[in-house]
Amino acid sequence: MRALRTAASGMAAQQLNVEVISNNIANMNTVGFKRQRAEFQDLLYQNVERMGAQSSAQGTVVPTGIQIGAGVKAGSVYRITEQGTPSQTGNRYDVAIDGRGYFQVNLPSGETAFTRAGNFAVNGEGQLVTDDGYAVNPAITIPQDAVDVSISKSGQVQVITQGSTEPSVVGQLELATFFNEAGLEAVGDNLLMETAASGPATVGTPGAAGFGQILQGYTESSNVDAVSEISALIVAQRAYEMNSKVISTADDMLSVAAQVKS
Amino acid sequence: MENAAYIGLSRQMTLRRELDIVANNIANADTTGFKVEQLLLGTEVGERARNDAVRPGVSFVLDNGVGRDYGQGPLNQTGRPLDFGIEGEGVFFEIETDQGPAYTRDGAFVLDPEGRLVTEAGHRVQGQGGEIVLDPAQGQPAVAADGTISQNGQPVGQLKLVRFDALAALSKGGDGLYRNASNAAAMDATDARVRQGMLESSNVNPILEITNLIEISRAYERITRMIENTNDLSRRAVERLGRAS
């Protein structure tokens with residue numbers, strides 16, 4: 001019976017849906033997290049009777065045909081790169097991006113990763129690093145005698161050192177943008193990697209055309225909306241239940257058929 | 001006597017097929033742009049199992065098509081700038097695939113590495129003058145109700161919306177895309193509206209589908225009982241007639 005497998009595909013799809021929703025809810029307070037959504041597609045169709053087929057020698061055709069679908073599959077799970085709300089932290093090394101772009105991070109493997117999580121810190125050498133200790137690219141070193149650090153909207157990092165009143169420039173933050181941000185691959189730790197689908201990174205100065213601005217003392221909250229996630233969860237649960245009903249109905253019908261004997 | 005069993009069998013077979021279709025509707029209750037389907041049944045007059053010239057033939061049940069309800073599904077807000085929902089029945093986006101043009105109501109599009117507007121499967125979305133290329137650096141694209149896409153106040157393309165005279169001639173490929181199986185070409189749909197940041201949910205009514213499910217299950221039981229009774233009858237007839245008098 002095809003209905004059994006069709007309903008099973010529906011249950012599997014809803015299970016994936018719940019997994020995506022639960023990941024969104026779990027990351028509700030993750031800095032720079034972008035919510036994801038599962039998108040479904042119908043599975044292949046069996047043509048029991050092809051539409052447009054000849055139904056007589058006189059050239060009459062079957063107007064509608066019989067196509068029976070075989071269920072549902074996950075088309076894709078993609079990230080919705082909507083801006084998250086900047087939330088004030090007061091930490092001078094926290095930076096949020098207002099608009100498009102990603103910070104570049106040098107991984108220990110030598111690769112470059114991209115992130116929206118701007119909760120940076122300074123390591124033992126005074127270098128600006130992520131909370132995992134990976135250096136931000138381009139490298140920015142804060143002198144040890146810095147009294148105050150200010151990061152402008154265009155990403156310029158200035159420090160005021162002990163005994164001087166004039167700020168001096170120690171570095172410039174850069175942002176990377178992509179044609180297809182949804183094509184970036186998430187590798188955990190708030191990091192994303194470039195893929196063939198995302199296209200190559202375009203690096204530029206914050207505030208330039210097509211790039212976002214830098215907000216110092218803020219981090220970008222996740223763009224997860226708790227209310228819509230919970231309502232999506234309810235919908236997914238009900239859909240799961242309905243698919244299980246189909247399975248039990250198909251099972252009932254099979255057992256009725258199996259009991260026919262004379 | 002076998003007439004009843006054969007008629008019952010024809011109904012049982014269509015009921016199973018109906019169940020397959022209801023199962024597919026329920027499985028796709030959450031699929032963007034899915035349209036609910038229904039088995040169309042007819043009466044097929046056939047010969048009797050026993051040759052009897054005086055009495056007319058018997059009526060079997062035969063499925064002669066699957067009807068698709070192209071009614072509007074509810075539009076859900078997603079907040080993604082490249083999600084498009086169509087307001088207007090029987091209107092589709094045109095997609096360019098390797099096998100020629102295809103049509104869909106699922107407007108969850110993305111940009112490919114060259115900035116072209118594509119579906120999630122990577123098929124190019126057709127605009128009025130060929131493919132649509134967006135430059136993300138020019139800011140968020142804004143889409144007007146007639147499908148015109150503009151960036152930074154400058155129009156960069158228009159989504160191609162089409163409709164068909166004979167919707168029944170659309171065949172599904174299983175990749176969420178419809179293909180035109182008739183000779184009639186697609187026509188431009190000028191009265192439809194595109195809603196940006198929204199996706200069309202399926203138009204499956206879950207309550208209706210569950211009711212169908214119950215009906216199918218009960219009808220199957222009734223028909224099975226009828227077949228059992230018929231078999232019982234012929235068994236008893238054989239027993240009684242075979243008894244030595």
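Colleague: Is A:Asn190 buried or exposed?
Modeller: In this predicted model, A:Asn190 has 22 other C-beta atoms within 10 Å. The cut-off for a buried residue is 20 or more. A:Asn190 therefore counts as buried.

Colleague: And where is A:Asn190 found?
Modeller: Its backbone is worth a look, with phi near 65 degrees, a positive value in a residue other than glycine. Most residues other than glycine have a negative phi. As for its place, A:Asn190 sits in the loop of chain A between β16 and β17.

Colleague: Is A:Asp189 buried, partly exposed or exposed?
Modeller: A:Asp189 is in the loop between β16 (185–188) and β17 (191–193) of chain A, and its phi is positive too, near 55 degrees. Around A:Asp189 there are 14 other C-beta atoms within 10 Å. A buried residue needs 20 or more and an exposed one 12 or fewer, so A:Asp189 is partly exposed.

Colleague: How do α1(A) and α2(A) run, roughly parallel or roughly antiparallel?
Modeller: Helix α1 (residues 2–26) and helix α2 (residues 226–258) of chain A pack with axes 9 Å apart, at an angle of about 160 degrees. Angles over 145 degrees count as roughly antiparallel. That is why α1(A) and α2(A) are roughly antiparallel.

Colleague: How many residues of the contact of α1(A) with α2(A) are nonpolar?
Modeller: Residues in α1(A), including A:Leu4, A:Met11 and A:Ile21, meet residues in α2(A), among them A:Leu233, A:Tyr240 and A:Ile247. By class, the contact has 1 charged and 6 polar residues, and the nonpolar number is 16.

Colleague: How far apart are the centres of the two domains of chain A?
Modeller: Domain 1 covers 2–81 + 225–258, and domain 2 covers 86–220. The contact takes 6 residues from domain 1 of chain A and 10 residues from domain 2 of chain A. Taken over C-alpha atoms, their centres are separated by 41 Å.

Colleague: Which element gives the most to the side of chain A that touches chain B?
Modeller: In this contact, 55 residues of chain A meet 55 residues of chain B. On the side of chain A, α1, β1 (36–42), β3 (66–69), β4 (72–79) and α2 each supply at least two residues. With 11 residues, the element that gives the most is α2(A).

Terms used: Residues numbered from 1 in each chain as written. Chains lettered and ligands numbered in written order. Predicted model: local features only at pLDDT ≥ 70, side-chain atom pairs only at ≥ 80, totals over all residues. Axes fitted to C-alpha atoms, helices over the stretch in contact; angles between N-to-C directions. Helix = DSSP H or I, 4+ residues; strand = E, 2+ residues; numbered from the N terminus. Parallel < 35°, antiparallel > 145°, perpendicular 65-115°, else oblique. Contact = placed C-beta atoms within 7 Å. Nonpolar A, V, L, I, M, F, W, Y, C, P; charged D, E, K, R; others polar. Domains from an automatic or database assignment.
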